[in-house]
Protein chains: 2
Amino acid sequence: MKWKRSERLVDMTYYLLEHPHRLIPLTYFSELYNSAKSSISEDLTIVKETFEEKGIGLLVTVPGAAGGVKYIPKMKDDEVQEVIQTLISELSKSDRLLPGGYLFMTDLLGNPELINRVGKVFASAFSDQQIDVIMTVATKGISIAHSIAKHLNVPVVVVRRDSKVTEGSTVSINYVSGSSRRIQTMVLSKRSMKSGQRVLITDDFMKVGGTLNGMKNLLEEFDCELAGIAVLVEAEHADESLVDDYYSLVKLHEVNEKDRTIALTEGNYFSKERK
Amino acid sequence: MKWKRSERLVDMTYYLLEHPHRLIPLTYFSELYNSAKSSISEDLTIVKETFEEKGIGLLVTVPGAAGGVKYIPKMKDDEVQEVIQTLISELSKSDRLLPGGYLFMTDLLGNPELINRVGKVFASAFSDQQIDVIMTVATKGISIAHSIAKHLNVPVVVVRRDSKVTEGSTVSINYVSGSSRRIQTMVLSKRSMKSGQRVLITDDFMKVGGTLNGMKNLLEEFDCELAGIAVLVEAEHADESLVDDYYSLVKLHEVNEKDRTIALTEGNYFSKERK
């Protein structure tokens, strides 16, 4: 069966979106659609222009016998700004205030459309770097980790507080929690990562950075390299930060429990210098 | 700017895939692309036919003034079979055997392409039911829950073993763990669900069903209704099951620690009667 261009465009768009950051040889499409490579190239030009025009992402063509085409999710700055503003307006609602000045954000972390966009924002920031693994710590950062992982098409590993029989042999470290100054433990299955892998660490919330710093130390135990840190919300604090090189979308300045107000601004996403 | 049909098809496909189970009025597209509704209708017919032909899903048209079009992710049976066979072949590798007859499957739960497909399988099974929330328990079921949630476009709530300050007021229940017969606790933030919501429960592994049964009991505390249960792997066991109405993709029959073999078959996904 020979496919019409219009049908090819729909199916090709689907296939590319489902396989981000993966090189797809043109022969894959030409055999699948029983069409000449020249027609497939023309199709891909249309897809590429539309993806770029609409801020869906980039379509990178790699020439040569081992070449092909690769979809790179990349969000435009104005859409990133929209995501940040959505987060700020959601997080500044006073009913999110919890005793002790904490903010309730579990609902946002469980919202699939929002978290899909947050993941795409971070995947965009790291789109031209080699990332092999996304790491987070249980439980609240997991949805962000999986969303970034989906857009970069790499696996997620989840660090735990306790050792479970279903994890097999584990590597465990102790670290000092930033705010409470208590010694805590982190555990990761030995099979999670191979030495030399480049790891992007993510979490939903960062204050002094104790937990993130713990994950950095854990990377060393695996001979892995830190590729970057991505946090949804960072909180202003008086202590010295344990982590300095990170991206954040939102910054929490002050929580006033008496007036029930929450002061939030944009995080460092746009102000941080890109590598 | 007027869009060409080819460009509209690419962008429309992207938009529909990003917003499953949501009714999109035709005027949304006709205004966005500055095109007549009749042209948009023709575009949608092409998208619909390609989605159905390739097993991407259904495009349901709702007529009338409040009408529009809705993308329903729906995987064809042969692709579901492929997902199941991939899982069986992965899980039967002898190096997954852990002391005590447990199977290592954390890597599969962190694999974005595989989990995306698993989520689509379950979303397909429940595509014509009203589902308001996906519920799971920390930690290993979270990736499956988020993948189902993405395909059904509904939020995820994560039950925890312990109460955290960032969850606000919580509802807590005690339940009997199926295999160890110990009393355990489950905690869920009070704001997670509203009374009357229909909840799909999911987890990575089920033996007697103690944890799933605990989540069922938790639903009652919230005056919510059980819409269904979806598990990746169910294990054969001698005790009486605490849960009977569920979908599973894979069934674990026997683990032979001496010979290092794992006996797996297809779960009940195809044999279970559909509602």
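How many residues of chain A are in contact with chain B? Some notes on that and a few other things, keeping in mind that this is a predicted model.

1. **The interface, by the numbers.** To take the opening question head on: 55 residues of chain A are in contact with 55 residues of chain B. Putting the two chains together buries about 4700 Å² between them, and carbon and sulfur atoms give 62% of that area. The count of residue pairs in polar contact between chain A and chain B, with both residues at pLDDT 80 or more, comes to 18.

2. **Who supplies the contacts.** On chain A, the elements giving two or more residues to the side that touches chain B include helix 1 (5-18), helix 3 (37-53), helix 6 (112-125), helix 7 (142-152) and strand 6 (156-159). Helix 1 of chain A gives the most, with nine residues. By residue type, this side of chain A splits into 26 nonpolar, 14 polar and 15 charged residues.

3. One to look up is R22(A) with E113(B), where the closest N and O atoms are 2.8 Å apart. That pair runs from the loop between helix 1 and helix 2 (26-33) of chain A to helix 6 (residues 112-125) of chain B. Another salt bridge links K54(B) to D11(A), with the closest N and O atoms 3.4 Å apart.

4. **How the copies are arranged.** The same surface serves both of them, as 100% of the contact residues of chain A recur in chain B.

5. **Domains from the record.** An unreviewed UniProt entry puts "domain: Bacterial purine repressor N-terminal" at residues 4-73 of chain A. That stretch of chain A is 56% helix and 17% strand, and its end C-alpha atoms are 26 Å apart. The unreviewed entry also places "domain: Phosphoribosyltransferase" at residues 107-251 of chain A. Over residues 107-251 the chain is 28% helix and 33% strand, with the end C-alpha atoms 18 Å apart.

6. **A look at R198(A).** This arginine is found in strand 9 (residues 198-206) of chain A. Setting aside neighbours within four places in sequence, R198(A) is in contact with Q129(A), Q130(A), I131(A), D132(A), V133(A), E225(A) and A227(A). With E225(A), the side chain of R198(A) makes a polar contact of 2.8 Å. By contrast, I262(A) is 36 Å from R198(A) in space, C-alpha to C-alpha, and 64 residues away in sequence.

7. **Backbone spots to check.** Most residues other than glycine have a negative phi, and most peptide bonds are trans. Which residues does a cis peptide bond join in chain A? They are A138(A) and T139(A), with omega about 10 degrees, and T139(A) lies in the loop between strand 5 (133-137) and helix 7. In chain B a cis bond joins A138(B) and T139(B), with omega about 15 degrees. Then there is D223(A), a residue other than glycine with a positive phi, near 55 degrees. D223(A) sits in the loop between helix 8 (210-221) and strand 10 (225-235) of chain A.

Key:
Residues are numbered from 1 along each chain as its sequence is written. Chains are lettered from A and ligands numbered from 1 in the order in which they are written. This is a predicted model: local features need pLDDT of at least 70, side-chain atom pairs count only at pLDDT 80 or more; totals for chains, interfaces and linings use all residues. Side-chain values use heavy atoms; hydrogens and water are left out. Contact means heavy atoms within 4.5 Å. Buried area is the accessible area (1.4 Å probe) that two parts lose on being put together, summed over both. A salt bridge is a side-chain nitrogen of Lys or Arg within 4 Å of a carboxyl oxygen of Asp or Glu. A polar contact is a pair of N or O atoms within 3.5 Å; within protein, one must be able to donate a hydrogen and the other to accept it, and residues adjacent in sequence count only if both atoms are side-chain atoms. Helices (H or I, at least four residues) and strands (E, at least two) are DSSP runs, numbered from the N terminus. Ala, Val, Leu, Ile, Met, Phe, Trp, Tyr, Cys and Pro count as nonpolar, Asp, Glu, Lys and Arg as charged, and the others, Gly among them, as polar. UniProt positions are given in the numbering used here, feature names are shortened, and annotations may be inferred rather than shown by experiment.
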